[in-house]
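Work through the exercises below with the sequence and the 3D structure at hand. Each task is followed by a worked solution.

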Amino acid sequence: MADHHDIQELVEQTVAELFAAHIPELRHELGEKVMEAIAPKLAEMAEQAAQAQASAKSSPETAAGGGPTDLLNAAVASLYDVTAQTEILRTLLDGLSQFTARAVLFVMKAGNLSAWQSRGFADEGSIKGLSMSGTEGLAGRAIADKEPVSAAAVEFSSAFIETHGNPHDGNASVHPLIVRDKVAAVIYTDAGPDPSGKSDQSAVQLLVRSASSWLEIQALRKTAGAPSAEPAEAPAPPPPPEPAKAAPAAAPAAAKPAAAADSALAGLPPEEQEVHKKAKRFAKLLVDEIKLYNPAKVTEAKASKSIYAVMREDIDKSRATYDKRYAATASVIAAGYFSQELIRILADGDAANMGADFSH
């Protein structure tokens, strides 16, 4: 007769196999539930965007891929494209950077907060590894209540604000990232010192909650015994990356026709196909951001077939971000997904609208 230990092993193995088999289904269901829950907010954002466009000198077209709902949807979907905990957190910060001027992710360690990565700060190197108490100020309130809190930025940390500058509206928010009913990290956000900076806290809250839910599933997967390359706890800050090399301003990557790109993708191993899919989604997210925050300029530049000349600074900055992320994957860079999305989203599929100085 099998003893208790044998029965326990059999149960754990069976649960692990069932859980692993249903991960894709759970991921799909979670995505649907999240999008269903945020539908009212998306409708509100769409209405606000429509009003802003109506007040502009030239009302831009609302082509697919160009609205705030598309940008938020892409940011949420990008979270579910990755399963490693460190990648989920990096993707969360990338998504947050579309909706708030500055963001820092602090990892919880023995009651203290340690800065892991940030977005939007002039000197991000000075933030990495910054340590502070997890029981005081805005962070302490967010951790104790397990709810987002907003107040004057100095209530988060007067020393932090003195070093990195007070946001132009004076306010900041802290969102707890909760996994298995414990606060694994907190995310600080503000509108930055530039008067044009903004911080959409509804979008921030949605992204943080989506990340929490996805991390929860990954933790459950590990508990059930499914393979995982990441620990259940929040990741320790990795060593600082080497400074990224700026991408050439006037040498955009070549873009292949969509049919040829799809054909080439079909011949790649499944894991490499997945990298290409993530790259295409990230390229779309970056170009969506350009169109979202410069609608009138894009419309006028398209009419004069000078999009690249007019939008060069924004385009080159986003291309550098894209190239930095996929520099180690030569086949992704060669595929030219970023240029393809520029043409599809900004130029309505007509490369001539990008201008003569745009090579692809």
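Predicted model: local features only at pLDDT ≥ 70, side-chain atom pairs only at ≥ 80, totals over all residues.

**Exercise 1.** Classify the aromatic pair formed by Phe-121 and Phe-160.

Solution. Start from the distance: the ring centres are 5.8 Å apart, and rings pair if their centres lie within 6.5 Å. Next take the angle between the planes, which is 75°; planes over 60 degrees apart count as edge-to-face. The pair is therefore edge-to-face. The structure holds 11 aromatic pairs.

**Exercise 2.** State which parts of the chain the pair of Phe-121 and Phe-160 ties together, and decide whether Phe-121 is buried or exposed.

Solution. Locate Phe-121 in the loop between strand E2 (112-119) and strand E3 (131-133). Locate Phe-160 in helix H6 (residues 158-164). The pair therefore ties together parts that are 39 residues apart in sequence. For burial, the cut-off is under 20% relative accessible area. Phe-121 has 6% relative accessibility, so Phe-121 counts as buried. Phe-160, with a relative accessible area of 3%, is buried.

**Exercise 3.** Name the cluster into which ring pairs link Phe-121 and Phe-160.

Solution. Follow the ring pairs: the cluster consists of Phe-106, Phe-121, Phe-156, Phe-160 and Tyr-188.

**Exercise 4.** Describe the contact between Arg-325 and Phe-282.

Solution. Find the charged end of Arg-325, which sits over the ring of Phe-282. Its distance from the ring centre is 4.3 Å.

**Exercise 5.** Describe the setting of Pro-295.

Solution. Pro-295 belongs to helix H10 (residues 295-303). Its relative accessibility is 25%, so Pro-295 counts as partly exposed. Finally, compare positions: Leu-346 is 51 residues apart from Pro-295 along the chain, and their C-alpha atoms are separated by 9.4 Å.

Key
Residues numbered from 1 in each chain as written. Heavy atoms only, no water. Helix = DSSP H or I, 4+ residues; strand = E, 2+ residues; numbered from the N terminus. Buried < 20%, exposed > 50% of the residue type's maximum accessible area, 1.4 Å probe, protein only. Phe/Tyr/Trp six-rings, centres within 6.5 Å; stacked < 30°, edge-to-face > 60°. Lys NZ or Arg CZ within 6 Å of the ring centre and 35° of its normal.
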